Amino acid sequence: MEAANIQALKKITSLKYPFRYSICTLVTKEVEYQEMLQSFIQAGFTDAICEFLYVDNSVQNTFDAYQGINQFLQQAQGELIIICHQDILINLHNLTDLENRIAEIEKIDTNWAIISNAGGIENNLYQRIAVHVNYADSFKQIAGELPQKVCSVDENFIVIKKASNLALSGNLSGFHLYGLDLCLIAELLGYNAYAIDFLLTHKSYGNPDQSYNTILQALKQKYFYFMRSRQILTTFADFRLSGFAFQRWFLSLKWIKKIIRKSHKIKYLNSGKKYYNDLHKM
């Protein structure tokens, strides 16, 4: 293909990943992070196939979780991105176990984007969660059947397929519920999330403090607003976006749309604004 003499001209081909895994962590405690790193390496996640990325929050918060993880998702060069807490140890299952679980999910659903060792089950208030986690006090939490499709994941250990091009919300902040936000965005983009049987040790049970409730309310308000009933217009078409089938049908009737259009016109004219829509040949 002949092209103008442009230095920055580049033909796009399929992306080649220099690493199998990018292991990404927000760090507040250096010693604990080093213990985590050693456990990964001993489990087979060596620097031959992995890069290790971190945000240094040990002195002050350089990035919160939403900002930092978006940086990881943009800068990671691994085919698979692991977002994990600094207080985990990969001391029970290993690299081979994780690869086997990923292969299992691939057979079930090639459209997966997120896997974790724990997650919430959609529309199931009885079982609620699917989880297999070991804790530092030797307590082991096992619930549900794994693998299990989930609508949210726990943030202690998340594997993300780089090719899914995920990102976290730009209008949320803090250090909680980014696993849920990630799953909701993945679903909107056409991907799925799963909880798998990958056993590791998590040194804490989590800390749902007041900031957790604050972020939960912000997240709920964000998605309530996004899922609001509304009329979507393109330059050529329009349709009703609503979770209610009757509302979609009723508000798409031509005579109803004509009434709505008329009311919008009256409201606009009464506002005193001028409407300009001109198409002419240059």
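L177 sits in the loop between β11 and α4. This is a predicted model, and in it L177 has a positive phi of about 65° although it is not a glycine. Most residues other than glycine have a negative phi. Is L177 buried or exposed? Its relative accessibility is 9%, so L177 counts as buried, the cut-off being under 20%.

In soluble globular proteins, nonpolar side chains tend to be buried together. Here the largest nonpolar core has 33 residues. Y66 is among the residues with the most contacts inside that core, along with I69, I83, I114, I158, I160 and L182. Which elements give two or more residues to this core? They are the strands β1, β3, β5, β11 and β12, and the helices α2, α4 and α5. There is also a second, separate core of 27 residues, which includes I23, I82, F157 and Y194.

Next, β11, residues 157–161. K161 lies in this strand. Is K161 buried or exposed? With a relative accessible area of 17%, K161 is buried, because the cut-off is under 20%. Leaving aside residues up to four places away in sequence, K161 touches E79, L80, E106, T110, W112 and A113.

Where is D209? D209 is in the loop between β13 and α5. At 30% relative accessibility, D209 counts as partly exposed.

N123 is in the loop between β6 and β7, and its phi is near 55°, a positive value in a residue other than glycine. N123 counts as exposed, at 80% relative accessibility. The other point is a peptide bond. From L146 to P147 the bond is cis, with omega near 0°, whereas most peptide bonds are trans. P147 lies in the loop between β8 and β9.

On to the hairpins. β7, residues 129–135, and β8, residues 140–143, pair in the antiparallel sense over four bridges. N134 stands opposite K140 in β8. Four residues lie between these strands, and in this hairpin S138 takes a positive phi near 75°.

β14, residues 230–233, and β15, residues 238–241, also pair in the antiparallel sense over four bridges. What is the bridge partner of I232 in β15? The partner is F239. The hairpin joins β14 to β15 through four residues.

As for the overall layout, the protein is divided into domain 1, 19–226, and domain 2, 232–280. The centres of the two domains, taken over C-alpha atoms, are 42 Å apart. For a pair of residues, take D209 and Q247, which are 38 residues apart along the chain. Their C-alpha atoms are separated by 39 Å.

Last, helix α7, residues 254–270. At 1.5 Å a residue, its 17 residues should span 24 Å, and the end C-alpha atoms are 24 Å apart, so the two agree. How many of the 17 residues are buried? The count is one, and α7 is hardly covered. After α7 comes G272, with a positive phi near 85°.

Note on methods: Residues numbered from 1 in each chain as written. Predicted model: local features only at pLDDT ≥ 70, side-chain atom pairs only at ≥ 80, totals over all residues. Heavy atoms only, no water. Buried < 20%, exposed > 50% of the residue type's maximum accessible area, 1.4 Å probe, protein only. Contact = heavy atoms within 4.5 Å. Core = buried A, V, L, I, M, F, W, Y, C linked by side-chain atoms within 4.5 Å. Pairing = 2+ DSSP bridges. Domains from an automatic or database assignment. Expected span 1.5 Å × (residues − 1).
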